[in-house]
Amino acid sequence: MPTGSADGRALQLGQLPEAVAGVMERLAEEGHQAALVGGSLRDLLRGGPPGDWDVATSAAPEEVARLFPGATWENPFGTVTVRANPGPVSVEVTTFRVEAGYRDKRRPDEVRWGGSLEEDLSRRDFTINAIGWMPQDLKARRGLLVDPYGGAADLERGVLRAVGDPDQRFSEDALRLLRAVRFASRFDLRLDPATEIALRRHAPAAATLSGERVRDELLRILAAVDASSPPSRAFAMLERLGLLAIVLPELQALRDLPQAKARPGDALDHSLRTADALPPSDAYLRLFGLLHDVGKPSTLGDGHFIGHETVGAQMVEAILRRLHVPRVEVARGRMLVRNHMFAYGSEWTDAAVRRFIRRVGAPALNDLFALRRADDVASGVEEPQRGGLDELRARVGIELSTSPLNAGQLAVRGDDLIRQLGVRPGPIVGRLLAELMEAVLDDPSRNQREVLLDMARESLTQGPDASPGGARAHRADDPS
């Protein structure tokens, strides 16, 4: 645990890794200043493990890259990534800089290397991130706290406050609006009054943010692991500040939409609880839980939301594309929302279970069960219901281990049909395989080569393609 807290006074960082100290020592040996800064120092002051290690230095980026062979420098802001030794630790080393102008409300128009640590700290967003530690004795991990804006005191008081003029800070980069909510929620901080007023005033500027930047902040919020600071807390703050209606208007539309649930609250309350009930290790799954009922406002009728899962799946796809979510996650989210209303009962036949697996897809079943369980928790529903998820999960496990569930598990393949039945490659082969798959889903004992070939022959003679221009037209030996 760090000792000391006042600006300019001694501060000992016993948790500073040898690898990070080594980077700072190498810079000092070459006559450069090097200070621990930003989130790494903030987390140490809070008594928690840092996620990243950040060092600010007076050395120019080219000099940092020269001093650390193998370091990478791929951005215009003077940050060099040093893969430190010993261990797998990486250190972000950034040159002291002064920034000016933010015409695009994202990047500074001008970046100037040099200046002092104090000047470098002045460009940062919040006081808790504008703290530095300048070493005096790295071996003993002793140094001085550089805290010109009182960030350490704000941490102790539980306050999130913008550096300097909050209107100027939020005008420089609109992403700071979302970062304020994330930090306040994650660290259980209350908003400084002047900072909160500025947040409300600048909320409309969030509309200028790119989908990628909004996505990344939302995922960081949804990845919160501390049960005392669940995602619902951050989203409630987004709503209170007027930001939710800007970045996720479809979610904001759930406010005041009545729900006939055991737990009190409206559709937005229910959606927030659903996200909380999903694992923080899968931020995208939490996002899908947050959005699973967005189709309800447009489908409300007579107290019911008939078809909201179908409408919601289309809306979720549009939202995820707007946020530039990877295509595989777009497909996953659309599928989960589309299928989250399945109505299982013990009367389901084994064939019905197999068709459920085939419709959802075996790889997605655990996600769908997790979403459904979270939906139930958020609704105040206790399993089992008409059999329950545990029963369905057990039956699904049996079918996955014993039954053919996709065309690759059929006893015949497309080339078998072409060779044995004399059909030409093309749509007819796909149709026959689909018919055989349906038959095997009904009765897995039919999955035998000769049985399936006989069924395919029968289909050719009795199906629509058996008429003139049908099956004959697909025969490989048809001279026409």
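Helices (H or I, at least four residues) and strands (E, at least two) are taken as DSSP runs, numbered from the N terminus. By this assignment the chain holds 23 helices and 13 strands. The model is predicted, so that local features need pLDDT of at least 70 and side-chain atom pairs count only at pLDDT 80 or more, while totals for chains, interfaces and linings use all residues. Residues are numbered from 1 along each chain as its sequence is written, and side-chain values use heavy atoms, with hydrogens and water left out.

Of the 480 residues of the chain, 49% are buried (under 20% relative accessible area, 1.4 Å probe, protein chains only). Among contacts (heavy atoms within 4.5 Å) between residues at least 6 apart in sequence, 65% join residues at least 24 apart.

A nonpolar core is a set of buried Ala, Val, Leu, Ile, Met, Phe, Trp, Tyr and Cys residues joined through side-chain atoms within 4.5 Å. The largest such core has 128 residues, and L16, L27, L36, F235 and F356 have the most contacts inside it. Helix α21 (residues 427–442) gives the most to this core, with eight residues. Neighbours within four places in sequence aside, F356 is in contact with F342, W348, L365, L368, F369, L392 and V396. A second, separate core of 10 residues includes A56, F96, A130 and V163.

Helices α7 (residues 175–186) and α10 (residues 231–240) pack at about 140°, with axes 9 Å apart; axes are lines fitted to C-alpha atoms over the stretch in contact, and angles run from 0 to 180 degrees between N-to-C directions. The contact is made by L178, V181, A184 and S185 of α7 and R233, A234, M237 and L238 of α10.

Terms used: Buried means under 20% relative accessible area, exposed over 50%, partly exposed in between (1.4 Å probe, protein chains only).
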